[in-house]
Amino acid sequence: QVQLVESGGGLVQAGGSLRLSCAASGRTFSDYAMAWFRQAPGKEREFAAAITRSGGRTYYTDSVKGRFTISRDNAKNTVYLQMNSLKPEDTAVYYCAAHVDRGSYNRRSSYDNGYWGQGTQVTVSS
């Protein structure tokens, strides 16, 4: 069993930055690729970024490329999402997820048998 807790969300002005953290419990954190998803009001949850077990490769949805950076520190059982040049359309609840399925990192269904955090709210004002 893996438990995930997100933190670092808040209110920020357009053009500003935030760093989200996801703290994981358990000794098997390094066994999982990790991802960030986000869900805006009235919209479906969508993929934002993913990182492989060792942090060697990263993946991003087109709308955040060049602005967001996902990273991990396996010694601290933590994954991060550095968000720069934030836009109002980035406003959403951001969720951390652990990948255990064989599916592609950018598909929500690939995390159906994985683990999810409770989410942290990010609000970007214009």
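Predicted model: local features only at pLDDT ≥ 70, side-chain atom pairs only at ≥ 80, totals over all residues.
The fold is built from 11 strands and 0 helices. Followed along the sequence, the elements give the pattern β-β-β-β-β-β-β-β-β-β-β. The radius of gyration of the chain is 13 Å, close to the 14 Å that the globule rule gives for 126 residues, so the chain is as compact as a globular protein of that length. The C-alpha trace spans about 40 × 30 × 25 Å along its principal axes.

Of the 126 residues in the chain, 42% are buried.

As to charge, the chain carries 15 positive and 10 negative side chains. The centres of these two sets are 4 Å apart.

Asn-77 is found in the loop between β7 (68-73) and β8 (78-83). Although Asn-77 is not a glycine, its phi is positive, at about 55 degrees. Asn-77 has a relative accessible area of 21% and is therefore partly exposed, since that class lies between the limits of 20% and 50%. Ser-85 occupies the loop between β8 and β9 (92-99). Ser-85 is likewise not a glycine, yet has a positive phi of about 50 degrees. With a relative accessible area of 40%, Ser-85 is partly exposed.

Definitions and conventions. Residues numbered from 1 in each chain as written. Heavy atoms only, no water. Helix = DSSP H or I, 4+ residues; strand = E, 2+ residues; numbered from the N terminus. Rg over C-alpha atoms; globule rule 2.2 N^0.38 Å. Buried < 20%, exposed > 50% of the residue type's maximum accessible area, 1.4 Å probe, protein only. Lys, Arg positive; Asp, Glu negative; His and termini not counted. Charge placed at Lys NZ, Arg CZ, Asp CG, Glu CD.
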